[in-house]
Amino acid sequence: MVRFERVGRTPAERMARAHDIDDLRARARAATPRPIFDFVDGGAGDEGAVHRNRAAFDALQLVPRVLRDVSTIDTSTTLLGRRVAAPIVFAPIGLARAAHPLGEIGLARAAARYGLPTVLSTMASVSPEQLARQVPEADRWMQLYLWRDRDASRAVVRRAADAGFRALMLTLDVPVAGNRLRDVRNGLGFPPSMPLRSALRVAAKPAWAWRTLTHEPIRYALTETGGGDFVTQTDRTLDPSATFAELEWLREVWPGPLLVKGVLDSRDARRLVDAGVDGLVVSNHGGRQLEQAVATAHALPRVREAAGDDTLVLVDGGIRSGAHVAAALALGADAVLVGRPAMYGLMAGGQAGVDRAAELLTSGLTRTMALLGAARVAELEPGMIAN
Ligand SMILES: Cc1cc2nc3c(=O)[nH]c(=O)nc-3n(C[C@H](O)[C@H](O)[C@H](O)COP(=O)(O)O)c2cc1C
Ligand SMILES: CC(C)CC(=O)C(=O)O
């Protein structure tokens, strides 16, 4: 006799039927107007770097150890002096409210619930003060872009410090805008705007349209870019003339831990460590900038070697499962950042969706560690990578 049960009544129950990040992506796509989904999902040029990021993690073959008592798995680790539940950080995402009105607040709530740090973007749609007020329990880090207007960049750093953000992450891979062809073809402007011809695409997702129209307009919380497409906005605001000298004034205004994001070259890694940064993020911006960029899983071992054992090394781009997280750590990372997985969750199911993304990644890491014979994060080591 088969018993049929009713399932999927609450948002959390509905999200529980997404069994991996790809399921969340499919639901996100179904729930969101195409230009908005494309903004999150897309990358530069032919999106080769987006695909290679993930393919490089998929291609890593893991070698498990046996008879190592995996009855208790401890995924926790220490990042910049604080214990976190797992080596997973929510990456900075600009304009997260375009996906869902909860935006960065929803991301931070899920991160806090799962004991993970969250990074607020300079281009965020909520301010550092709002985030601190609404999710005081979150381990909050701040991302920084170097604007042409350095006083404005300094002001962001001070506001983040005053709002209790404990680490600063300077992004270095946007000297100019990447060629985001989906956004170009969709006519997407920033903060989000789209041509009239997209009205039907919005009308086709009434729940998104209703939510978005009945909440505060989506805008940058920390800057006025003057609008326009990604290239126009970026060229107007970001400074391509920045050099290593910037790190000096930054050190004066920011006494706390300083990470730099977008490092792929071992010589840069060495020089940044010598300049006194506390951490490196091996990243190609999720394939959204240099379209022919090296996959981050390829760059990681060389950056780790150049940085030495004492510098925090994080990696992002294409991490879609707990097994990918374990592989990244075995390759030499101290932790990973995830960008799109959390955003797919947000688009798929609001808070329950982001919570589900965090759950899938953390439970997947626990299971992978047990299967690998690694009871603690420190036991994930290069010998576990076959190729
Ligand atoms: C929609 C979106 C917006 C992003 N905005 C920022 C940003 O404002 N600052 C930044 O440093 N990185 C930004 N990134 C890059 C992410 O921080 C991260 O490097 C990337 O998403 C990692 O790749 P993954 O999405 O494959 O996990 C953004 C990524 C996406 C998908
Ligand atoms: C708000 C956006 C302009 C940010 C973004 O797309 C990015 O940095 O990749």
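The tour below goes from helix packing to annotated sites and then to some backbone details.

Before selecting anything, note that this is a predicted model, in which local features need pLDDT of at least 70 and side-chain atom pairs count only at pLDDT 80 or more, while totals for chains, interfaces and linings use all residues. Residues are numbered from 1 along each chain as its sequence is written, and chains are lettered from A and ligands numbered from 1 in the order in which they are written.

**Stop 1: helix 5 against helix 16**

Select residues 103–113, which form helix 5, together with residues 340–372, which form helix 16; helices here are DSSP runs of H or I with at least four residues, strands are runs of E with at least two, and both are numbered from the N terminus. The two axes come within 8 Å and cross at roughly 20 degrees, where an axis is a line fitted to C-alpha atoms, for helices over the stretch in contact, and angles run from 0 to 180 degrees between N-to-C directions. Helix 5 and helix 16 are therefore roughly parallel to each other, given that angles under 35 degrees count as roughly parallel, over 145 as roughly antiparallel, 65 to 115 as roughly perpendicular and the rest as oblique. The crossing is left-handed, a term used if the near helix is turned anticlockwise from the far one by less than a right angle, with right-handed used if it is turned clockwise.

To display the contact, pick Gly106, Leu107, Arg109, Ala110, Ala111 and Arg113 on helix 5, and Ala342, Leu346, Gly350, Gln351, Val354, Asp355 and Ala358 on helix 16; two residues are in contact if their C-beta atoms, placed from the backbone, lie within 7 Å. This set divides into 7 nonpolar, 3 polar and 3 charged residues, with Ala, Val, Leu, Ile, Met, Phe, Trp, Tyr, Cys and Pro counted as nonpolar, Asp, Glu, Lys and Arg as charged, and the others, Gly among them, as polar.

Now center on Ala110, in helix 5, which is buried, with 27 other C-beta atoms within 10 Å. A residue is called buried if 20 or more other C-beta atoms lie within 10 Å of its own, exposed if 12 or fewer, and partly exposed in between, with C-beta atoms placed from the backbone. Leaving out residues up to four places away in sequence, Ala110 touches Ala342, Gln351, Val354, Asp355 and Ala358.

**Stop 2: helix 15 against helix 16**

On the helix 15 side the contact is made by Gly322, Ala323, Val325 and Ala326, and on the helix 16 side the residues include Leu361, Leu365, Met369 and Leu372.

**Stop 3: the annotated positions**

Select His285, in the loop between strand 8 (279–282) and helix 14 (296–307). His285 counts as buried, with 24 C-beta neighbours inside 10 Å, and, apart from neighbours within four places in sequence, His285 is in contact with Asp173, Val174 and Gly262. Its phi is near 65 degrees, a positive value in a residue other than glycine.

Next select Tyr145, in the loop between strand 5 (140–144) and helix 7 (150–162). Tyr145 is also buried, with 23 other C-beta atoms within 10 Å, and its contacts beyond four places in sequence are Thr122, Thr171, Val174 and Leu238.

**Stop 4: backbone details**

Finish with Leu95, in the loop between strand 3 (88–90) and helix 5, which has a positive phi of about 55 degrees although it is not a glycine. Then select Phe190 and Pro191, where the peptide bond is cis, with omega near -15 degrees.
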